[in-house]
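Here are my notes on this structure, point by point. Keep the sequence and the 3D view open while you read.

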Amino acid sequence: MQYRRVGKSGLQLSALSFGAWVTFGQQVGRSQARDMLALAHDRGVNFFDNAETYNNGVAEQLMGDVLADLRFPRDSYCVSSKVFFGAVDNPLPTQRGLSRKHVIEACHQALQRLRVEHLDLYFCHRPDPDTPIGETVAAMDTLIRQGKVLYWGTSEWPADAIHEAHRIARENHLYAPVVEQPQYNLLHRERVEVEYALLYEAYGMGTTIWSPLASGLLSGKYNDGVPADSRLTQPGYEWLRESVLGKGQERLDKVRALQPIAEELGSSLAQLSIAWCLLNPHVSTVMLGASRREQLEHNLDALALLPRLDETVATRIQEVLRTD
Ligand code: NDP
């Protein structure tokens with residue numbers, strides 16, 4: 001495993017990490033979760049990502065249960081939670097968002113579900129138009145000073161809002177966000193590469209990036225239709241279908257055109273897509289998702305491909321992605 005600093009912070013995360021979205025508590029039960037977390041930790045993965053909203057808290061409960069059972073030393077891994085969407089269907093105004101009340105209560109609930117004394121990383125899962133940014137920054141600062149959170153970050157905040165959070169933190173001597181959690185993959189690059197460019201230099205922020213396979217699309221599994229047991233057929237995730245597959249054929253055409261590059265490298269498209277994310281030095285960790293052990297095992301092997309992704313390969317990929 002390779003380890004990377006989260007921006008200019010002292011925290012080092014494994015270049016590949018593992019998250020629970022959709023899978024834990026829905027496609028993945030206790031024994032599979034145990035098997036995958038054990039595999040990941042054994043292979044050097046030191047970061048497990050979660051959120052209050054993943055299966056309404058069940059994903060955190062399952063992860064906490066298994067982590068306690070596996071008895072990994074607490075200082076050998078990092079675990080996160082994310083706050084914003086709430087952990088119940090139809091949340092009341094106090095059960096969602098980034099108010100001081102919800103940020104602090106959601107942290108306490110995540111600590112209980114995950115069975116840990118502190119969250120290593122705690123993310124604001126989206127910006128909250130109904131809460132002043134300063135209130136959220138102050139709530140995060142409180143949690144850090146209480147030792148309940150070690151590092152805080154944002155997820156899919158516009159760059160302007162992140163600048164504002166840093167300004168408020170600097171002026172009031174509060175802890176500032178050190179990390180963003182954005183989507184980043186071969187088909188979704190703008191925010192990480194353009195919009196956030198100043199954040200890395202100005203504040204030393206890192207990124208924990210999500211959906212490196214665009215929910216599986218970049219494995220090629222949707223090239224000939226949607227397999228029955230895949231993410232896009234999961235109850236409750238019907239909304240995801242169009243954003244993953246797109247309206248026309250363009251995204252699928254790009255995936256098909258990338259396939260020969262992977263084949264020439266003797267790898268799968270999934271491995272190429274994952275390794276490609278790591279070419280970006282501002283990516284601190286690529287968060288993998290997997291609904292079964294074989295996928296995780298296969299995706300962790302992507303790291304071996306990284307040294308072979310030279311300028312020539314990167315340019316060929318770039319040319320394919322430019323084709324409309
Ligand atoms: P991916 O884009 O890698 O999608 C993972 C899914 O793709 C798997 O669950 C599986 O779905 C399929 N898959 C994975 N590997 C393979 C393979 N080798 N061959 C075929 N299919 C494969 O990552 P996620 O979208 O899961 O994102 C990773 C993590 O990022 C999440 O678990 C979560 O922790 C975090 N995240 C954060 C978000 C945020 O807003 N901050 C949003 C989304 C995710 P299946 O088998 O069911 O088809």
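1. Overall size. The chain has 324 residues, and a compact globule of that length would have a radius of gyration near 20 Å. The chain has 19 Å, so the two agree. Keep in mind that this is a predicted model. Along the principal axes, the C-alpha atoms fill a box of roughly 50 × 45 × 35 Å.

2. Make-up of the fold. How many helices and strands does the chain have? The secondary structure comes to 12 helices and 10 strands. Of the 324 residues, 55% count as buried. The accessible surface of the chain is about 13,800 Å². Carbon and sulfur atoms account for 50% of that surface.

3. Contacts across the sequence. Take the contacts between residues at least 6 apart in sequence. Of these, 79% join residues at least 24 apart. Two pairs of positions show how sequence and space can be set side by side. T208 and G153 are 55 residues apart along the chain, and their C-alpha atoms are separated by 9.7 Å. E264 and K8 are 256 residues apart along the chain, with 36 Å between their C-alpha atoms.

4. Polar atoms at the ligand. Look at Q181 first. An N or O atom in the side chain of Q181 is 2.9 Å from a nitrogen atom of the ligand. L213 uses its backbone instead: a backbone N or O atom there lies 3.0 Å from an oxygen atom of the ligand. At S215, a polar backbone atom is 2.8 Å from an oxygen atom of the ligand. On its own, the ligand has 910 Å² of accessible area, and the protein covers 95% of it.

5. T208 lies in strand β9, residues 206-209. Is T208 buried or exposed? Its relative accessible area is 0%, so T208 is buried. The side chain of T208 makes a polar contact with the side chain of Q181, at 3.1 Å. Recall that the side chain of Q181 also has an N or O atom 2.9 Å from a ligand nitrogen. Leave aside the neighbours of T208 within four places in sequence. T208 is then in contact with L13, F47, F123, V179, E180, Q181, P182, T285 and M287. Find T208 in the view and trace these partners one by one.

6. Helix α9, inside and out. This helix covers residues 250-264. Which residues of α9 are buried? They are L252, K254, V255, L258, I261 and A262. The buried residues of α9 pack against α10 (269-277) and α12 (311-322). E264 also lies in α9. E264 has 59% relative accessibility, so this residue counts as exposed. After α9 comes G266, whose phi is positive, near 70°.

7. Two asparagines to check. Most residues other than glycine have a negative phi. N55 is not a glycine, yet its phi is positive, about 45°. N55 lies in the loop between β4 (47-49) and α2 (58-70). N56 is found in that loop between β4 and α2 as well. The phi of N56 is also positive, near 50°, and N56 is likewise a residue other than glycine. How do the two stand on accessibility? Buried means under 20% relative accessible area, so N55, at 18%, counts as buried. N56 has 30% relative accessibility, so N56 counts as partly exposed. Compare the two in the view.

Methods:
Residues are numbered from 1 along each chain as its sequence is written. This is a predicted model: local features need pLDDT of at least 70, side-chain atom pairs count only at pLDDT 80 or more; totals for chains, interfaces and linings use all residues. Side-chain values use heavy atoms; hydrogens and water are left out. A polar contact is a pair of N or O atoms within 3.5 Å; within protein, one must be able to donate a hydrogen and the other to accept it, and residues adjacent in sequence count only if both atoms are side-chain atoms. Accessible areas come from the Shrake-Rupley method with a 1.4 Å probe; for residues, only the protein chains shown count as cover. Helices (H or I, at least four residues) and strands (E, at least two) are DSSP runs, numbered from the N terminus. The radius of gyration is taken over C-alpha atoms; the globule rule is 2.2 Å times the number of residues to the power 0.38. Buried means under 20% relative accessible area, exposed over 50%, partly exposed in between (1.4 Å probe, protein chains only). Contact means heavy atoms within 4.5 Å.
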